[in-house]
Amino acid sequence: KGTLIAVGLLGSMSISMAQGDKASLQKTLNQYCGYTLKKDTAAIEKYILANFSTDFKFIIKNGPAMNRADWMKQELLQIKMAEKITVMQIMITSFKRSGNIISAGYVVHFAATGKMDTKAAKASKMTFDGPGTMSLKVKGGKWWFIEIKDTGGKMTVDGKPFDPSTIAGGG
């Protein structure tokens, strides 16, 4: 299974991408990162519902696809579980617009502290670094996220490689 912990994307209350350009998309990513750093789950939920298509799919490397509702639930849970999020960056690495479709590559950098187990005496430091791809489409005159693919990455817990599929609810 792939990793979900830091792939929650994208950011303002609406995608102001009238021109459908790379700079506008990066701006929304930066805004989402701000919500995540603040652990503002209400803003993230509102954003996802307003900007991710009802037929949105999150495709996990070596795992099942999730629909919008399941992906949003997973994203919000993981943000709530973190005691403190110290790094959240999503950077566009490639961008192509063809008519009313945008395809973009990105890389995410994430770090947080939190208890992996409710019985743990102390919090662990978790990191994730990895690439992915996203697709957006104009529907009804508005840009909608239609797909995000987790294409791999590296997760660590307390500096040691970690496979999130080994815990309940893991990616």
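**Notes on the fold and its salt bridges**

1. The accessible surface of the protein chain comes to about 8,400 Å², and carbon and sulfur atoms own 54% of that. Keep in mind as you look around that this is a predicted model.

2. Now the inside. The protein chain has 171 residues, and 45% of them are buried.

3. On to the layout. You can pick out three helices and eight strands in the protein chain. Walk along from the N terminus and the order reads α-α-β-β-α-β-β-β-β-β-β.

4. How far apart in sequence are the residues that touch? Take the contacts in the protein chain with a separation of 6 or more: 63% of them are between residues 24 or more positions apart.

5. Next, the charged pairs. There are two salt bridges here. One of them joins the side chains of Lys139 and Asp55, with 3.1 Å from N to O. Lys139 sits in strand β5 (residues 124-139) and Asp55 in strand β1 (residues 52-59), so this pair ties together parts that are 84 residues apart in sequence.

6. Glu147 is partly exposed at 24% relative accessibility, and Lys149 is partly exposed with a relative accessible area of 34%.

Methods
Residues numbered from 1 in each chain as written. Predicted model: local features only at pLDDT ≥ 70, side-chain atom pairs only at ≥ 80, totals over all residues. Heavy atoms only, no water. Helix = DSSP H or I, 4+ residues; strand = E, 2+ residues; numbered from the N terminus. Buried < 20%, exposed > 50% of the residue type's maximum accessible area, 1.4 Å probe, protein only. Contact = heavy atoms within 4.5 Å. Areas by Shrake-Rupley, 256 points an atom, 1.4 Å probe, with all protein chains shown as cover. Salt bridge = Lys/Arg side-chain N within 4 Å of Asp/Glu carboxyl O.
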